[in-house]
Amino acid sequence: MFSVTVRDHVMIAHSFRGAVFGPAQRLHGATFVVDATFKRTELDADNIVVDIGLATERLREVLSALNYRNLDDEPEFAGINTSTEYLAKVIADRLADLVGAGALGEGARGLAGIAVTLHESHVAWASYERPL
């Protein structure tokens, strides 16, 4: 399996419901380093996995919809604990939608999967991987 990873970051605010979250039940901020990994079994006709420039632009586009937002105020997240794991899935699904729409180029239609990792810190991170 071949892969290409691009990186960006996003800053959000949110709170959680449930005793398991302890003090994170209160409103708090988080800055995530976000890695998006695009995978395919064979390279395309240009011998690449995906256009790195387009992948970088699309990741930035997806993150810009979340950046500097209090997710508690966003209707699409109403009643949802926007955990690191959950946000990794949201980002991966939005990138997959863009691949399907051709926004990463026609060659990207041959991708086999996407994995998104959100790094909460240098010692903790969560990922979500999905097929395409």
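Q: Which residues of α2 are buried?
A: An α-helix has 3.6 residues a turn, so residues three or four places apart point the same way. In this predicted model, the buried residues of α2 are Thr84, Leu87, Ala88, Val90, Ile91, Ala92, Asp93, Leu95, Ala96, Leu98 and Val99. They pack against β2 (28-40), α1 (52-64), β4 (113-119) and β5 (125-131).

Q: Which residues touch the most other members of the largest nonpolar core?
A: That core has 33 residues, and those touching the most other members are Val34, Phe38, Val50, Ile91, Leu95 and Val116. Two or more residues come from each of β1 (2-14), β2, α1, α2 and β4. α2 gives the most, with 9 residues. Leaving out residues up to four places away in sequence, the contacts of valine 116 include Ala88, Ile91, Ala92 and Leu95.

Q: How many aromatic pairs does a search of the whole structure find, and why is the pair of phenylalanine 16 and phenylalanine 21 classed as it is?
A: The search finds 2 aromatic pairs. Phenylalanine 16 and phenylalanine 21 are stacked because their planes are at 25°, with ring centres 4.4 Å apart; the cut-off for stacked is under 30 degrees. Phenylalanine 77 and tyrosine 86 are edge-to-face, at 6.3 Å centre to centre and 80° between the planes.

Q: Is phenylalanine 77 buried or exposed?
A: Phenylalanine 77 is buried, at 3% relative accessibility, whereas tyrosine 86 is partly exposed, at 28%.

How values were computed
Residues numbered from 1 in each chain as written. Predicted model: local features only at pLDDT ≥ 70, side-chain atom pairs only at ≥ 80, totals over all residues. Heavy atoms only, no water. Buried < 20%, exposed > 50% of the residue type's maximum accessible area, 1.4 Å probe, protein only. Helix = DSSP H or I, 4+ residues; strand = E, 2+ residues; numbered from the N terminus. Contact = heavy atoms within 4.5 Å. Core = buried A, V, L, I, M, F, W, Y, C linked by side-chain atoms within 4.5 Å. Phe/Tyr/Trp six-rings, centres within 6.5 Å; stacked < 30°, edge-to-face > 60°.
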